[in-house]
Amino acid sequence: MVTVNTKYASIGDALASNNRDALAVIGILYTAQASSNINNVLTEFINHASSLTYAGNYTTENLNFAQLVTADDMASFYTYSGSLTTPGCNEIVTWIVLDRVHYITPETINSVTSLLGEDARTPIYGNTRPIQQLNGRTVNRNFMGSGTAALSGSSSIVLLVLTSLLVF
């Protein structure tokens with residue numbers, strides 16, 4: 001989820017500002033698994049978004065943020081100053097990455113990985129930015145003890161793909 005600091009009129013203004021507090025991204029880790037704990041809100045959103053196959057396509061859907069990210073989710077997270085994962089990789093983002101992993105079905109993952117880029121031929125899956133060095137940044141957490149979330153390859157890919165989807 002990408003949010004814009006209210007001092008900017010639009011995401012374009014936030015991008016142009018080059019201020020480190022221009023955007024905040026809430027990163028939610030997802031793992032594909034047949035489970036009774038499937039995140040149905042996200043599944044429904046992805047089902048709508050997966051019909052958007054060309055630049056300029058859009059849909060208007062209501063997404064209940066409180067059902068997607070609960071108070072329990074916000075009880076433990078990591079945060080750091082960083083950048084967008086999409087080109088120009090502007091260093092204007094406060095990242096908030098939830099510690100709790102959510103679950104979606106393998107079919108939902110497949111619908112995301114089949115999405116195509118602006119040329120309608122190139123899959124957006126696999127276009128993730130490589131993991132970056134900390135470069136002096138500090139990663140903070142708001143909870144005691146060791147975290148429970150493991151950032152596996154599939155989780156990080158889905159996080160980045162969903163971040164890209166939700167920006168547009």
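How many aromatic pairs does a search of the whole structure find? The search finds two. The model is a predicted one.

Five strands make up an open sheet. Their order is S1-S2-S4-S3-S5, and the pairing is mixed. The edges are held by S1 and S5 (140-141). Each has a single partner strand, so one side of each lacks a neighbour in the sheet.

Strand S1 (residues 2-4) pairs with S2 over three bridges, in the antiparallel sense. Here Thr3 stands opposite Ala24 of S2. S2 also pairs with strand S4 (residues 93-104), this time in the parallel sense and over nine bridges. Val25 has Trp95 in S4 as its bridge partner. On to S3 (residues 77-82): six bridges join this strand to S4, and the two run antiparallel. Tyr78 stands opposite Val97 in S4. In general, strands of a sheet pair through backbone hydrogen bonds.

Strand S2 spans residues 23-32. Seven of its 10 residues are buried, so the strand is largely enclosed by the rest of the structure.

## The nonpolar cores

The largest nonpolar core has 17 residues. Ile26, Ile28, Tyr30, Leu42, Leu68 and Leu98 have the most contacts inside it. At least two residues of this core come from each of S2, helix H2 (40-49), S4 and helix H4 (106-113). H2 gives the most, with five residues.

Nonpolar side chains tend to be buried together in soluble globular proteins.

Helix H4 also has a buried face. Thr108, Ile109, Ser111 and Val112 of H4 are buried. Viewed down the helix axis, the buried residues of H4 fall within an arc of 160°, so they line one face.

## The aromatic pairs

Which geometry does the pair of Tyr78 and Phe143 have? The pair is edge-to-face, with 5.4 Å from centre to centre and 85° between the planes. Tyr78 lies in strand S3, and Phe143 in the loop between S5 and helix H5 (153-167). The pair therefore ties together parts that are 65 residues apart in sequence. Tyr78 is partly exposed, at 23% relative accessible area. Phe143 is buried, at 13%.

The other pair, Tyr80 and Trp95, is stacked. The centres are 6.2 Å apart, and the planes make an angle of 10°. Tyr80 belongs to strand S3 and Trp95 to strand S4, 15 residues apart. Tyr80 counts as partly exposed at 26% relative accessibility. Trp95 is buried, with a relative accessible area of 3%. Trp95 is also the bridge partner of Val25.

## Two serines

Ser17 sits in helix H1 (residues 11-17). Is Ser17 buried or partly exposed? Its relative accessible area is 23%; buried would need under 20%, so Ser17 is partly exposed. Beyond its neighbours within four places in sequence, Ser17 is in contact with Tyr8 and Ala22. With Tyr8 there is a polar contact between the two side chains, at 3.4 Å. A polar atom of the Ser17 side chain also lies 2.7 Å from the backbone oxygen of Ala14. The C-alpha atom of Ser17 is 8.5 Å from that of Ile92, which is 75 residues away along the chain.

Ser76 lies in the loop between helix H3 (65-68) and S3. Ser76 is buried, with a relative accessible area of 16%. Leaving aside neighbours within four places in sequence, Ser76 is in contact with Leu98, Asp99, Asn142 and Phe143. Among these, Leu98 is one of the residues with the most contacts inside the largest core, and Phe143 is part of the edge-to-face pair.

## Positive phi

Most residues other than glycine have a negative phi. Cys89 has a positive phi, of about 50°, although it is not a glycine. Cys89 is in the loop between S3 and S4. At 26% relative accessibility, Cys89 is partly exposed.

Asn135 also has a positive phi, near 50°. This residue is found in the loop between H4 and S5. Is Asn135 buried or exposed? Asn135 counts as exposed, at 65% relative accessibility.

Definitions and conventions: Residues numbered from 1 in each chain as written. Predicted model: local features only at pLDDT ≥ 70, side-chain atom pairs only at ≥ 80, totals over all residues. Heavy atoms only, no water. Helix = DSSP H or I, 4+ residues; strand = E, 2+ residues; numbered from the N terminus. Buried < 20%, exposed > 50% of the residue type's maximum accessible area, 1.4 Å probe, protein only. Contact = heavy atoms within 4.5 Å. Polar contact = N/O pair within 3.5 Å; in protein donor to acceptor, adjacent residues only side chain to side chain. Pairing = 2+ DSSP bridges. Core = buried A, V, L, I, M, F, W, Y, C linked by side-chain atoms within 4.5 Å. Arc of directions from axis to C-beta. Phe/Tyr/Trp six-rings, centres within 6.5 Å; stacked < 30°, edge-to-face > 60°.
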